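Q: I have a model open and would like to learn how to read it. Could we go through it together, feature by feature?

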Amino acid sequence: MSAHPDAGRRRTTIHDLAALRARGERFVMLTAYDANAAGILDELDVPVLLVGDSLGMVALGHPTTLLVTLDDMIHHASAVMRARPHALVVVDLPFGSYQQGPEQALASAVRVIKESGADAVKIEGGARVVPTVRTLVAAGIPVMGHLGLTPQSVGQLGGFRVQGRDEAAAATIVEDAVALAEAGVFATVLECIPASLAPRVTAASPAPTIGIGAGGDVDGQVLVWHDLLGLGSGHRPRFVRAYADLRGAIRGAVDAFRDDVRSGAFPSEAESYGD
Ligand code: KIV
């Protein structure tokens with residue numbers, strides 16, 4: 001009897017990420033919003049899945065992440081968890097579900113964990129969310145931080161722009177990363193910061209860093225599923241490398257199907273049931 005494909009596999013934990021960092025092994029995180037994607041990523045041993053609130057922009061048709069609700073996040077995180085992935089599954093707390101402070105954040109995070117079965121939550125912000133991180137960690141909930149371009153603050157930042165370009169802003173990001181790690185985050189996403197700043201943050205941060213638009217000197221890299229696969233349309237940020245053109249492939253497939261239906265080439269006899 002051959003071994004079960006899952007034999008020897010166990011769920012990734014936050015400690016595994018620390019161990020990868022200690023060994024100098026870079027790791028991957030990818031976003032996932034449904035069971036199908038989570039299943040594929042699981043087959044490929046991707047260690048961390050992020051149910052990101054980018055969901056709002058790539059799947060729900062919103063212009064920003066601000067309209068995403070806690071119910072949206074739990075709905076999609078539950079779908080990801082139904083694939084029973086071995087990855088560590090991290091879920092974004094969306095805008096409005098933690099900004100009131102630690103008590104609101106705890107209630108939101110408990111809902112995410114209990115209702116979806118996911119492992120951890122991610123929140124955006126630096127020093128101002130430190131009391132919230134402490135409260136969640138004290139309750140036993142693993143927390144990922146997010147610094148640099150924090151899309152839930154897009155209005156205040158004046159758009160989706162690179163952060164930390166001047167020395168004062170760069171120093172604040174370094175200090176925030178240290179403060180978050182001291183408060184207990186197990187990793188911090190660095191989004192859209194200069195490639196020269198990322199190693200400073202990574203060297204100062206006791207927790208692993210995961211970059212998106214932060215250059216190569218970080219512990220891990222994250223991309224959005226739709227960006228990686230070339231599923232998006234419109235502006236493609238500089239930091240995105242599309243490893244496939246699925247939008248083109250889908251268009252080709254749908255075109256071919258439509259032509260075959262129109263010409264009568266679909267379905268064939270082999271694709272039809274006999275008497
Ligand atoms: O929501 C998201 O997908 C994210 C990643 C871009 C890090 O926060």
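Q: How far does a polar side-chain atom of Asp-53 lie from an oxygen atom of the ligand?

A: A word on the source to begin with: this is a predicted model. For polar contacts, look for pairs of N or O atoms within 3.5 Å. Here a polar side-chain atom of Asp-53 is 3.1 Å from a ligand oxygen atom. Ser-54 also places a polar side-chain atom 2.5 Å from an oxygen atom of the ligand, and for Lys-122 the distance is 2.9 Å.

Q: How much of the ligand's accessible area does the protein cover?

A: Compare the ligand on its own with the ligand in place. On its own the ligand has 260 Å² of accessible area, and the protein covers 95% of that. The space the ligand takes is the largest pocket.

Q: Which residues surround the ligand?

A: Asp-53, Ser-54 and Lys-122 are among them, and so are Thr-31, Asp-92, His-146 and Glu-191. Leu-50, Val-189, Ile-212 and Val-224 belong to the surroundings too, as does Gly-52. By class, the shell divides into 4 nonpolar, 4 polar and 4 charged residues.

Q: What should I look for in the backbone?

A: Most residues other than glycine have a negative phi, and most peptide bonds are trans. Asp-45, though not a glycine, has a positive phi of about 60°. Its place is the loop between helix 2 (35–43) and strand 2 (48–51).

Q: Where is there a cis peptide bond?

A: A cis bond joins Phe-266 and Pro-267, with omega about 0°. Pro-267 lies in the segment after helix 11.

Q: How far does helix 11 reach from its first C-alpha to its last?

A: Helix 11 (residues 246–263) reaches 25 Å with its 18 residues, close to the 26 Å expected at 1.5 Å a residue. Gly-264 follows helix 11 and has a positive phi, near 85°.

Definitions and conventions. Residues are numbered from 1 along each chain as its sequence is written. This is a predicted model: local features need pLDDT of at least 70, side-chain atom pairs count only at pLDDT 80 or more; totals for chains, interfaces and linings use all residues. Side-chain values use heavy atoms; hydrogens and water are left out. A residue is near a molecule or strand if one of its heavy atoms lies within 4 Å of it. A polar contact is a pair of N or O atoms within 3.5 Å; within protein, one must be able to donate a hydrogen and the other to accept it, and residues adjacent in sequence count only if both atoms are side-chain atoms. Accessible areas come from the Shrake-Rupley method with a 1.4 Å probe; for residues, only the protein chains shown count as cover. On a 1 Å grid over the protein atoms alone, a cavity is a set of points where a 1.4 Å probe fits but cannot get out, and a pocket is an open set with protein on both sides within 12 Å along at least five of seven lines; lining residues have an atom within 4 Å of a point. A molecule sits in a cavity or pocket if more than half of its atoms lie within 2 Å of its grid points. Ala, Val, Leu, Ile, Met, Phe, Trp, Tyr, Cys and Pro count as nonpolar, Asp, Glu, Lys and Arg as charged, and the others, Gly among them, as polar. Helices (H or I, at least four residues) and strands (E, at least two) are DSSP runs, numbered from the N terminus. The expected span of a helix is 1.5 Å times one less than its number of residues.
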